[in-house]
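User: I have a chain open here and would like to go through it with you. Could you take me through what is worth looking at?

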Amino acid sequence: MTGSDRSGGTPVREGGTSPRDGGAPVGDGVPPVRGFAARAGVWSARHRWAAVGIWILFVVLAMGAGSATGRTDAPENDLKGEINQARQITDDAGIEEPTGERVLVQTRGDGGPRTTDPRFRAAVDDVVRALRDTGEASAVVSPYTSGTLSKDGRSALVTMDLRGDPDTATDRVGPVLKAVGRVAERHEDAGLRIEQIGGASMEKTFDDAFGNDFRQAEYSAVPVAFGILLIAFGALVAALLPVLLAISAIVATMGLMALVSHVQPMGDVADSVMLLVGLAVGVDYCLFYLRREREERARGRDPRTALRIAAATSGRAVVVSGITVCVAMAGMLFTGITDFEAMGLASLIVVAVAMVGSVTVLPALLSLLGERVEKGRLPLPRRTRTRRAGARAGSGPGAGAGPGTGSGAGPETGPGAGSGSGSGRPDSRESRLWRAVVGAVLRRPLLWTVVAAGTLAAIALPALGMRTQQLTLDQEFGDSLPIVATYERVNEAFPGGADPAEVVVEADDIGSPAVTEALADFRTRAVSSGASKGPVELKRYEKQNVAVLSVPLVGGADQDRAEKSLALLRDEVRPATLGKVSGVSAPVTGQVAASRDFNAQLTSAVLPVFGFVVAFAFVLMLLSFRSLAVAVTSILLNLLSVGAAYGALVMVFQHGWGASLVGAEGVGAVVAWLPLFLFVILFGLSMDYHVFVVSRIREARLQGRTTKDAIAHGVITTAGVVTSAAVIMVAVFSIFGTLSMQSMKQMGVGLAAAVLIDATVIRGVLLPAVMALLGERNWYLPRWLRRLPDLTHDEATPQESLPPSPESSRTRTGAGSTG
C-alpha cells in the first residue's frame, strides 16, 4: 500500500515481511527520502555493519588521537585585565612565585600564654625548626623577625614558601602538614593552637575531602540513568542502548577535547560539564528515537517502516534539537573567560557527537537487534499480555499487511506508547494523568495560560533581587572542614593575611631612587589609607627589574569590605605613588582581585551571550518549523522557564526558604558564574523537549488533524518519553545537589528544578494552552519570510492511512475541538 502525508511529503510503501530478528535491511523498495536524519537512518539500517563499524572506528580514533597528542590544561585565573598583566610580567621575567604557606600559633582562650611568654616563643621556634627539617620549606621566617604578631598578643604567623614547582605544590605539602601537626600535639597542653594554612594546604584539603565525593557523583550518574531507563522500557537491552551510545559519545568527545585543547585549553570543570551534558542529551536523543520506533511497531508497522518513520520524525527532531543546543553552548565562547569557553566548546562537541550517533548508528543497531531489543524483560506488572500483542504486531506473516491490521496493533497513545510493553494500549497511570491534564487545558486554555504563566512569573519574581558573588570559604564549605575555621582565625587576627593582594611592579630600573621612593610611599599609604593594616611585604628581583608587594587587605574574609580595600589600592594609593613614576607598571592581583575581575568580565559578557543564544535559537526554530508564532513562543517559554529556575535559586540559597532541605543555610548569595551557566545549559536542554513536542504537534497537523487534535496528540504521545528523559536529568542533577560544596549544590538544585518545571508546567500545561489560544495562527509565516530555507521537508510519514485513535476521538469530544 502507498500513502503520502497531506503536506505533500514523499510517498512511502508499506508492507512486506521480515525475519523475526528484523534481519532484512530497512528501505528495500522504498522510494528515497529527503532530509539528513531520514537519509542517514535509512542508509544506516541498510548498511548495518558498516554503520556500526564506522562508529566504533570513529570512537577509537578520536580517543587514540587525543591520547597521542596529550591535553593542554587551562591556567588558573586566566582572566583579562590586571590579573593577566601581572602574570605576563612575571612570566616574561622568568619569575616563578613560590607557593606561600603560613602557620598560625595562637593562644586558646584568655588564660593562655601571650606572644611575649617563653612558652609561646618556644612553640614558634619549634614550628620554624620542624618546617626547615622537612626539606620542603624555604624562606621560613619567624614572626619575631617579620613582625607578624597580633596587636592583642595572642597570635603569630610563621611564614614560609614551598620549594619546587608551584603547580605541584599540592602533591608535596603533605609532609609539611604532618610536621606542623606533630608540633601542635606537643604544645596542646600549653594552651596553644598551631595550624597551617596556604594555597597548597587548602587545595589538598579540598581535594581530599571532596575529590572522591565529586567523582563518585559523576560515576553514579550512569547507573542512575540506566536504572530509570530500565523501568521506562522494561527491557535490559532497550535500556542499555541509550546508555552505551551516550558513553561512547562521551569517550569520543574526551579524545576530541584533547585535540581541541591545543587551540582552546580545557580544564576539570569542562570535563564534568561535558559528562553531565553528554549523558543528558545522549540518553535523551536515543530515548526519543527508540520510543518512536517501538511506538510505530506497536501500532502495527513492520520493522522496516517503523524504523523509517522514526528516522524521518524523531531523527529530524534530534537534529533540530542538537543544532539548537550546540548554538546555545556556543554562547559561552563570547564570555572571554577560559573556563567558560572550555565548558562551551566541550559541551558543543559532545552534543554534536551524540546527535550524529543517534541518527546514524542507532538505526543500524535497531535493525540488527530486531526483536532482540526486548531481551532481558523485567517482570513488571500489567505488561505480559501487551508484550505478546506487540511482538505479534512487529513480526510474523501478517506484519506488513497494512497499517493497523497486525494482531497486536493498538491505538496511538500518550505517555508510554510502546514503551516497554510493545503496545500502544494506554494502560499506565502516567498516560491517564496526562490525557486528563491536556484535556482540561484544551477546554479552558486562557484560564490555564494565566494560571501557569502567573505561577512561573511569581516564582521568577525573586530573581529581580538576585545577589551574585564569588562565594567565600565559609559560604562554600561552612564548618564542614577545620581549615575553614583556621582561615577565619587568621583573617580575624591579621585582616587579609590569608589572601593578601599582590602588586607586581615592573620598571625600567627597579633600583632607581624614584622607584625606590614610590615603593616605600606605597607601603606607607596602603596602611594610612585604611586599605591594609600591614605589614606590607616587599620582594625585589633586581635583575628582572620587578618587585612584588604583598598587601593584606582590610576586610579579610568579608568579600565586600575586601573589595573596597582593593578599590582603594587600585584607584587611590597606586595612582598617588607608583603611578607618578614614568615607565612603571603595577597591576594588582590576588584572590580578591581575581574575584572582582571575574565578576566584572562575566557581567560584561551577559548581554552578548544572551543576545547570541536567543537570536540564533529564534532563527533555527523559524527555519525548522516555518512558523513565526512557534519561534516566538519557543523563546518566550524557554525564557520563562529559565526565569523560574533563577527565582527558585534565589528563594533557596539567598533567602534561605527551604535551604535546610539541601543543607544550604547561611549562604545568602548565588555563586557568580551560575546564572550565565544555567541560562546557556537550560536554554539548550529546554529546546530538547520543546523541539520534540512541537515536531510531533506539527506532524499531526500536517496529517490533517485539527490544531487542537494535533496539540493533544503531540503532547500526550510525547509525554512518556519527555517524562522519562526529565526524570533521568532531575535524578542526575540532584546527585550534584547532595555535594558539600555550596556552588555544586546550587548548580544541581538549579538544573533539577528547571528541568522539572520545563517538563511539567511548560510542556504539559503552558505550551498546549498557548498553542490552543493561537489556533491556526500557530502556523503563520509572513509572505516576506517564505523565501527562507525550508528545513521541514523530511518529516512526512504515512500516518494518515491509520484509523483514528481513541485519543483523537476523546480530544474531539472532550477538548472542545471542531472539525
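**Notes on the chain**

Analyst: T706 sits in the loop between α23 (674-702) and α24 (707-736), where helices (H or I, at least four residues) and strands (E, at least two) are DSSP runs numbered from the N terminus. This is a predicted model, in which local features need pLDDT of at least 70 and side-chain atom pairs count only at pLDDT 80 or more, while totals for chains, interfaces and linings use all residues. Residues are numbered from 1 along each chain as its sequence is written, and side-chain values use heavy atoms, with hydrogens and water left out.

User: OK, and is T706 buried or exposed?

Analyst: T706 counts as buried because its relative accessible area is 19%, and buried means under 20%, exposed over 50% and partly exposed in between (1.4 Å probe, protein chains only). From C-alpha to C-alpha, T706 is 9.1 Å from G775, although the two are 69 residues apart in sequence.

User: Switching to charges, how many salt bridges are there in the whole structure?

Analyst: A search of the whole structure gives 18 salt bridges, a salt bridge being a side-chain nitrogen of Lys or Arg within 4 Å of a carboxyl oxygen of Asp or Glu. One of them joins E82 to R570, with the closest N and O atoms 3.3 Å apart. That pair links distant parts of the chain, since E82 is in helix α3 and R570 in helix α20 (residues 559-576), 488 residues apart.

User: How accessible is E82, and what about R570?

Analyst: E82 is buried, with a relative accessible area of 16%, and R570 is likewise counted as buried, at 9%. Both also belong to a network of salt bridges that links E82, R570, R574 and D597.

User: What does E195 pair with?

Analyst: E195 forms a salt bridge with R489, and the closest N and O atoms are 2.6 Å apart. E195 lies in strand β6 (residues 192-198) and R489 in helix α18 (residues 482-493), so this pair ties together parts that are 294 residues apart in sequence. E195 is buried, at 16% relative accessible area, whereas R489 counts as partly exposed at 21%.

User: And which residue does R186 bridge to?

Analyst: R186 bridges to D126, with the closest N and O atoms 3.1 Å apart. Here too distant parts of the chain are linked, with R186 in helix α7 (residues 174-186) and D126 in helix α4 (residues 118-134), 60 residues apart. D126 is buried, with a relative accessible area of 11%.

User: Let's do sheets. In what order do the strands of the four-stranded open sheet run?

Analyst: The order is β9-β10-β8-β11, and the pairing is antiparallel, where two strands pair if DSSP finds at least two bridges between them. The edge strands, each pairing on one side only, are β9 and β11 (588-589).

User: How many bridges join β9 and β10?

Analyst: Strand β9 (residues 537-541) and strand β10 (residues 546-551) pair in the antiparallel sense over five bridges. Within this pairing, R540 has A547 in β10 as its bridge partner, and L538 stands opposite L549 in β10. The two strands form a hairpin with four residues between them, and N545 in the turn has a positive phi of about 55 degrees.

User: Last topic, the surface. Which residues make up the nonpolar patch of about 240 Å²?

Analyst: That patch is made by L236, L240 and L244; patches consist of residues with over 30% relative accessible area and no salt bridge, with like charges joined within 9 Å and nonpolar side chains (Val, Leu, Ile, Met, Phe, Trp, Tyr) within 5 Å. Accessible areas come from the Shrake-Rupley method with a 1.4 Å probe, and for residues only the protein chains shown count as cover. L236 is found in helix α9 (residues 236-260) and counts as partly exposed, at 36% relative accessibility.
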